[in-house]
Amino acid sequence: MSDDDITLTAGDAEATVRPGHGARIGGLRVGGLELLRQGDRFGCFPMVPWCGRIREGRFRDGATVHQMPLNSPPHAIHGTARDGVWKMARVSENEAVLTYDLGEPWPYPGRITQVVALSEDALTLSMAVETYDSSFPAQIGWHPWFNRTLDGQDVRLDFTPAWQEERGGDHLPTGRRIDPLPGPWDDCFGMPGGVGVTLTWPERLELEVTSPEEWVVVYDEQEAAVCVEPQTGPPDGLNTCPRLVTPLEPLEATTTWSWCRL
């Protein structure tokens, strides 16, 4: 299938999917209101096969140390698939299935599948990392850039994490868990019962980001957008909290954004 952008529709909701640009969600409109910041760097992109930063771009798998390109010096950030061209495996009016084959600079073969499903009041993103060969550590996450202001109203964030990963001067977790601090944030939080973060644009829209995963990065230091990023482990998690993908056990994750009008 073509790698041209496609638009999914359900009721008055529209989602633009960009297979040729990292399988990112290029736009999400509800009743004509655009919820995501526009631009090639923004929208919502999948973070895979790792999330956030890898310290100095290096991760260990057993006795082997792998070096990733330093695309956010001195670290490597947000995986490799967001920069790739994905294949459209299947598309309908309100659902798209995309795949991406892992390759250089990632040292292991594997396949990523992302499903984008739109309904009248929710968008669900699901992803799986599979291997038919070598086992390897991996992470899955999503990096949405929600518009800070919607139709003249500034967003309000509400969430109750169990802990905050203490952030060092290099923007990576130190390994200590601390009581959550007030924002602004570029920080990872633990929610062991599952991620639940509510974004409210008063008198306009309420949107809840949920996921069965227990980590979420919240970034609200930018004037134009806020990010709420569910993921399967903390930043530098390939080193500190690896999840192993094996031929018998893929790594799978999902997140849902549900909304209601106010």
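Which strand supplies the largest share of the lining of the largest pocket? The structure examined here is a predicted model, in which local features need pLDDT of at least 70 and side-chain atom pairs count only at pLDDT 80 or more, while totals for chains, interfaces and linings use all residues. Residues are numbered from 1 along each chain as its sequence is written, and side-chain values use heavy atoms, with hydrogens and water left out.

The largest share of that lining, 3 residues, is supplied by β22. Strands (E, at least two residues) and helices (H or I, at least four) are DSSP runs, numbered from the N terminus. A pocket was identified on a 1 Å grid over the protein atoms alone, as an open set of points where a 1.4 Å probe fits, with protein on both sides within 12 Å along at least five of seven lines; its lining residues have an atom within 4 Å of a point. The volume of the largest pocket is about 450 Å³, a volume being the space filled by probe spheres set on the points, which are joined across faces, edges and corners. Its lining comprises 26 residues, and Arg53, Ile77, His78, His143 and Asp186 lie nearest the centre. At least two lining residues come from each of β20, β22 (186-190), β25 (215-219) and β26. By class, 11 of the lining residues are charged, 9 nonpolar and 6 polar. In this scheme Asp, Glu, Lys and Arg count as charged; Ala, Val, Leu, Ile, Met, Phe, Trp, Tyr, Cys and Pro as nonpolar; and the others, Gly among them, as polar.

In total, 17 salt bridges are present, each defined by a side-chain nitrogen of Lys or Arg within 4 Å of a carboxyl oxygen of Asp or Glu. In one of them, the side chains of Arg18 and Asp40 meet at 3.2 Å, N to O. Arg18 belongs to strand β2 (residues 13-18) and Asp40 to the loop between β4 (33-34) and β5 (44-47), so this pair ties together parts that are 22 residues apart in sequence. Asp5, Arg18 and Asp40 are linked in a network of salt bridges.

Arg55 takes part in a salt bridge with Asp170 (2.4 Å, N to O). This pair links distant parts of the chain, 115 residues apart: Asp170 lies in the loop between β20 (163-167) and β21 (173-178), and Arg55 in the loop between β6 (53-54) and β7 (58-61). Arg55 also forms a salt bridge with Asp236, with the closest N and O atoms 3.9 Å apart. Here the partners are 181 residues apart, Asp236 being placed in the loop between β26 (225-231) and α1 (237-240). Burial was assigned from relative accessible area (buried under 20%, exposed over 50%, partly exposed in between; 1.4 Å probe, protein chains only). Asp236 is buried at 5%, whereas Asp170 is partly exposed at 29% and Arg55 is partly exposed at 31%.

An open sheet is formed by 8 strands in the order β10-β11-β12-β13-β28-β24-β23-β19, with antiparallel pairing; two strands pair if DSSP finds at least two bridges between them. The edge strands, β10 (87-91) and β19 (156-158), each pair on one side only. A hairpin connects β10 to β11 through 3 residues. Strand β19 is joined by 3 bridges to the antiparallel strand β23 (residues 195-201), where Thr200 is the bridge partner of Arg156.
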